[in-house]
Every structure is written in structure tokens, then in C-alpha cells.
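Dear colleague,

Please find below the structure that I am handing over to you. My notes on what was found in it follow directly after.

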Amino acid sequence: MMKAGQRVLVRNDWPETRGPCHIRTPHYLRGATGTVLRHLGDFPNPEDLAFGRHAKHLALYHVSFDASSLWGDRKPQAEILVELYESWLEPV
Amino acid sequence: METTLVDHDRLLSALRALLTAKGITTPAEIAERIRITDTATPARGAAMVAKAWIDPEFRTLMLTDGARAAESLGIPMRGMPPLGVLENTPKQHHLVVCTLCSCYPRAVLGYPPFWFKSNSYRSRAVRDPRGLLAEWGTVLGDDVSLRVVDSTADYRWMVLPMRPSGTRGWSESALAALVREGDMIGVTTPQIPSGTPARTE
């Protein structure tokens, strides 16, 4: 279980290039680094649920990103807070 | 591929018949769910906001467990995703978006407004949120941090806006009438209608 304040990297992975899939990790955050704000609970993995497969419960985290680090032009001045599953996060 | 309303109707009928035939759900359950969805409106969220403004205990419950707070007001939450409530303060403003699709706290706000599902709202909320807010007439000071909440997974999010000044002594129902759906998405903030007599505080 990751703790609040843990820095994490969102995996720079593109399963949609390999075939049909259902992903709840937005494109604009793949490869981005953020900070875990808190654990929101454990939920069945939607990537399996969407295809009627057995879905293992995964930890879901609220992860905070500095929006000015995402688009390459140091804008906008904001924080972006996103729900991400543990399977997409690597501690840094 | 072009589809017509008739195609959608046929697809829907076939899906409903299959769900029933396979014993996954019943026509009565579907009808009940449609009734619950159709009766939800932003007035429910507004009632929660007004109560939170006058009742500190309810406010604490709402910020800790939005679904339990909603249920305590008689709002049906069975089968609904967890409800998270984001508290606006003088130092922090929240804006809710679902960049992936149109996740929305329907139990407390009803159907999402058309623009919430638009590509332009969904992309600009994360790319140019201050510009987007300015177009709604919501200009944040430089000292107000902006937190954009991208609703990507199992939670649904609503904003608890700040109570407008000049509303001291107002009844719960008068306060609830001030709160619009945009205030609970975060594109706007509650305003006292112009023409309301100023009150001394």
C-alpha cells in the first residue's frame, strides 16, 4: 500500500495499440510523475470488468499532478487530481 | 458508420430482452432504475450544500462520506458509486471533469448538462482551466489555487461551494435555491440574484 506523499510515475504504456481494451488512465498522464494524495479504496479492475472477466480488486489512489508539467509549455497554473489504479503506478 | 434512431431502438430492445432472458435483471428492475435516474435533479445536491452551510456536523459527514450524507437526506444511493465531496475555500477552488467520458454524480445532480460531455469542455478543463472558468465569469485570484478533479474511475465528485456573503440568517431552503448545478461542478460559484436587498451583517 502506498502512503500519502509517495512520488509515482504513471506507466508510459499504450495497451490500446495492442488490441481491444478498456482503460481508465487518461492519455495525457502516461509517463507523468505525480504524488499520491490518498488511498480511495480497493475496486475491481475495470480493465477486466469491462470484458466480463474475473476482476481482481486493485488499490485506487488519488494522485496529484502539477498541470504545468504535463503539456510542455509550463501552463496551466493548476493541480490535476486523478483516480489511478495501483497497476499503473510505479514508485519513484 | 451511420446509425439511425430505429437502429438504436432495436439494439436497446434486443439488449433488454437478452438481460431478461439470461436472468441478469428484470424489466421491473430496469424500470425502477430509470425512475430513480429520472427523478434525480441538481436540487438534491443543492439541498446537501445548503444543509452543509448551516449544520457543521452534516458538513463533516458530507466531506467524509458523501453517499452517507446523501442517504441521510433520503436520496437513494443504492447501487451508486461512492460520492466524494470537494470543499471550496478562499484559498482553493475545485473544478470537476471527466476527460475519458462523462462520469457524473447523477444521484445528486441528475443528468449531466450537454456541455459536460463535449470534447471542448473535457479537453480545456485540463489544458486551460483558468481560461475556461473566465468564460463562465469565474475569475480566480492569483492567490487561489485551482484543483481540477478528473473523474476517471470508481468515485463520483461534487463540489461544496462557499456560502456567498450577505446570506446571514437565510433559511435552508432559501440557501438551497441559490445553488446551481454549475456551482457543484465548479464552473461557477453561487451568487445572490441582483435586486436582492442588501442586508447588514
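**Strand 1 of chain A**

Leu9(A) faces Thr33(A), a residue of strand 2 of chain A. This is a predicted model, in which local features need pLDDT of at least 70 and side-chain atom pairs count only at pLDDT 80 or more, while totals for chains, interfaces and linings use all residues. Residues are numbered from 1 along each chain as its sequence is written, chains are lettered from A and ligands numbered from 1 in the order in which they are written, and side-chain values use heavy atoms, without hydrogens and water.

Strands here are DSSP runs of E with at least two residues, and helices are runs of H or I with at least four, numbered from the N terminus. Two strands pair if DSSP finds at least two bridges between them. Strand 1 of chain A runs antiparallel to strand 2 of chain A, with 3 bridges. It is also joined by 3 bridges to strand 5 (residues 89-91) of chain A, again antiparallel; there, Val8(A) has Pro91(A) as its bridge partner.

In a regular strand the side chains alternate between the two faces of the sheet. Buried means under 20% relative accessible area, exposed over 50% and partly exposed in between (1.4 Å probe, protein chains only).

**Aromatic rings**

Over all chains, the search finds 8 aromatic pairs. Trp115(B) and Phe116(B) form an edge-to-face pair, because their ring centres are 6.3 Å apart and their planes stand at 65°. Rings of Phe, Tyr and Trp (its six-membered ring) pair if their centres lie within 6.5 Å; planes under 30 degrees apart count as stacked, over 60 as edge-to-face and the rest as tilted. Trp115(B) counts as buried at 16% relative accessibility, and Phe116(B) is buried at 0%. Ring pairs also link Tyr104(B), Trp115(B), Phe116(B), Tyr121(B) and Trp136(B) into a cluster.

**Charges over rings**

Arg11(A) lies over the face of Trp88(A), 4.8 Å from the ring centre. In chain B, the charged end of Lys51(B) sits over the ring of Phe58(B), 5.8 Å from its centre. The criterion is NZ of Lys or CZ of Arg within 6 Å of the ring centre and within 35 degrees of the ring normal.

With kind regards
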